[in-house]
Amino acid sequence: MSDAIKHECGIAHIRLLKPLDYYKEKYGTAFYGVNKMYLLMEKQHNRGQDGAGFASIKLNTIPGERYISRVRSNQAQPIQDIFEQINQRINDEIKANPEYADNTDLQKRYIPYLGEVFLGHVRYGTFGKNSIESVHPFLRQNNWMHRNLIVAGNFNMTNVNKLFNNLVELGQHPKERADTVTVMEKIGHFLDSEVRKLYKKLKNEGYSKVEASPIIAEKLNVAKILKKSSKNWDGGYAMAGLIGHGDSFVLRDPAGIRPAYYYKDDEVVVVASERPVIQTVFNVDFNDVHELPPGNAIITKKNGEVSITEIIEPLERKACSFERIYFSRGSDAEIYQERKMLGRLLMPDVLKSIEHDTLKTVFSFIPNTAETSFYGMVEAAQDELNKQKNEAILDEKETLTDARLQEILSHRLRTEKIAIKDVKLRTFITEDSSRDDLVAHVYDVTYGVVKPDDNLVIIDDSIVRGTTLKKSIIKMMDRLKPKKIVVVSSAPQIRYPDCYGIDMARLEDLVAFRAALDLLRDCGKYDIIEKVYKKCRDQVDLRDSEVQNFVKEIYEPFTNEQISDKISELLCDKDVKAEVKVIYQTVDNLHKACPKNLGDWYFTGDYPTAGGNRVVNRAFMNFYEGKTDRAY
Ligand SMILES: NC(=O)CC[C@H](N)C(=O)O
């Protein structure tokens, strides 16, 4: 990925189903859960580097002893930072109290972070700020154990402002506008009322307050609470939560936009945002890890009972295809094959653009995420080369000499590592304002492998803004003096904003949108902009379900190819000498390659939830009115 986009978040949840002594006995430490959490989070570091947080709950403590611990960080290496803090604290406690060293009971009572229920989160913010207060998990505290709530999520709601106002209408006074707080307060509201109802019932049955508490914990219907809280959520989400006494849940949105996977045996329940993470950390097979069905929650009661329950009726499945293209780790067995297929399916268009001249073409990729699709592309190129060799041999079979045969067979595909990412520079580029200067040097280039009349084909997983391509990569590649530079995107053109957890909410940031504007200008149809704006404005007071995506009209007059060609122009500075061509994946081929993740709203404008159309309209209005706000 040459454009840095902020995206995603990762969740990690573990519930230990046996007493801590069991893990001490079997794995040598009562800190088994903490250690596994570290691995689960570290292996999802790709999903969030703005911040990381960890929370744990101890089961069955006695009043007066702490049972919830939490640590959060927004430092440069947030996962390292929180686990350093955790380890430090644990080591200090053991050092100061040598009697804890071999005593699980004392460890559990007096050492924080040790417990049976864990929740971790790595964050890329899509709403609010990057302050420490915005880092998950969020905590809603109460003196009643079962009213404590800890929440973390990979999510974005399109209607979070409305949800916020609902709370205010209930008479509440939220102290901040963080979307996670809004969602948490919603759950908290129904948790409170459920606890109240249960208490009233038990009181009528003659139970005292002290007697009622554990029964409330036992009877608490988490599914019911989630059903009520999520009723008006419109968005993509994997929301995870812990309740003070030890129940836990992860709820996935009804279109399956955000991912969630789980594994369970008689020792642990594990939930994470990516499958291979669980496979690696718990050393289990692909088939042992299951996808949480859309609209369902995995709920683990304090007593260890685990259920998968439908909370919201599933919508048409629209799992985010960007997970497959770029976000998730390519080590997933399916994702690896899918990415290769994305590369392979692009080959016919690439061959056309290089006039099948595989000998005068160097194939390469933009590190690191495009490497897998590059393998797919190269395999397809290899097939083409073999075909060419076959044809040459058959054509020349009457006259073929040993020397000529050797010559034909010696033709090899030219694959090189051309673009090199300078990782150290990367970490400085956080502020939009200072990005451009540094961006030119984020990549370096390999000299000496491209000859002057060569074609240079370079694959990237996607092109969002195109800034790095324009300011760095294409310029650097042009210095190698190729005849033609073909930039291949394994994803289709990104035409519409995302509103479900990827931070690309501004239309004019998208190079495809800018290309469409230029094309409209070129052909004298720029008045469409005005018309679309009016249509968007007329919809402002409509209900979400009635809103249409009129922004599609901006692209309608043009073919994919016209837009791609305009993008090629936009990506070239005047001084670039090589001919530059950009080739994009088609949406059909994307679906062919990633058949389970058909969510494609950023490419097609077909939003899977009603709120999406409102967001795209708002994004367009913001663009037209010159506002730089996010559209949700
Ligand atoms: N990428 C995400 O899932 C973001 C989660 C949440 N919306 C936040 O901003 O903190």
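Predicted model: local features only at pLDDT ≥ 70, side-chain atom pairs only at ≥ 80, totals over all residues.
One aromatic cluster is formed by Phe322, Tyr326, Phe327, Tyr500, Trp601, Tyr602 and Phe603. For the complex, the predictor gives an ipTM of 0.96 and a pTM of 0.92.

Aromatic pairs were counted with a limit of 6.5 Å between ring centres. The count comes to 23 aromatic pairs. Tyr326 and Phe327 give one example, with ring centres 5.4 Å apart. Their planes meet at 55 degrees, so the pair is tilted. The reasoning rests on two cut-offs: planes under 30 degrees apart count as stacked, and planes over 60 count as edge-to-face. Tyr326 and Phe327 are both buried. Both also belong to the cluster that includes Trp601 and Tyr500.

Two arginines lie over aromatic faces. Arg177 is placed over the face of Phe164, at 3.9 Å from the ring centre. Arg275 is placed over the face of Phe286, again with 3.9 Å to the ring centre.

The ligand is surrounded by 14 residues. The closest are Glu8, Cys9, Arg123, Phe155 and Asp179. In Thr126, a backbone N or O atom lies 2.9 Å from an oxygen atom of the ligand. In Phe127, a backbone N or O atom lies 3.2 Å from a ligand oxygen atom. His136 contributes a polar side-chain atom, 2.9 Å from an oxygen atom of the ligand. Taken alone, the ligand exposes 290 Å². The protein buries 100% of that area.

Cysteines were examined next. A disulfide is a covalent bond between the sulfur atoms of two cysteines. The structure holds zero disulfides. Cys523 is in no disulfide, and the nearest cysteine sulfur, that of Cys536, is 19 Å away. The cut-off for a disulfide is 2.5 Å between the sulfur atoms. Cys523 is partly exposed, with a relative accessible area of 39%. Cys9, one of the closest residues to the ligand, has a relative accessible area of 6% and is buried.

Key: Residues numbered from 1 in each chain as written. Heavy atoms only, no water. Phe/Tyr/Trp six-rings, centres within 6.5 Å; stacked < 30°, edge-to-face > 60°. Buried < 20%, exposed > 50% of the residue type's maximum accessible area, 1.4 Å probe, protein only. Lys NZ or Arg CZ within 6 Å of the ring centre and 35° of its normal. Near = heavy atom within 4 Å. Polar contact = N/O pair within 3.5 Å; in protein donor to acceptor, adjacent residues only side chain to side chain. Areas by Shrake-Rupley, 256 points an atom, 1.4 Å probe, with all protein chains shown as cover.
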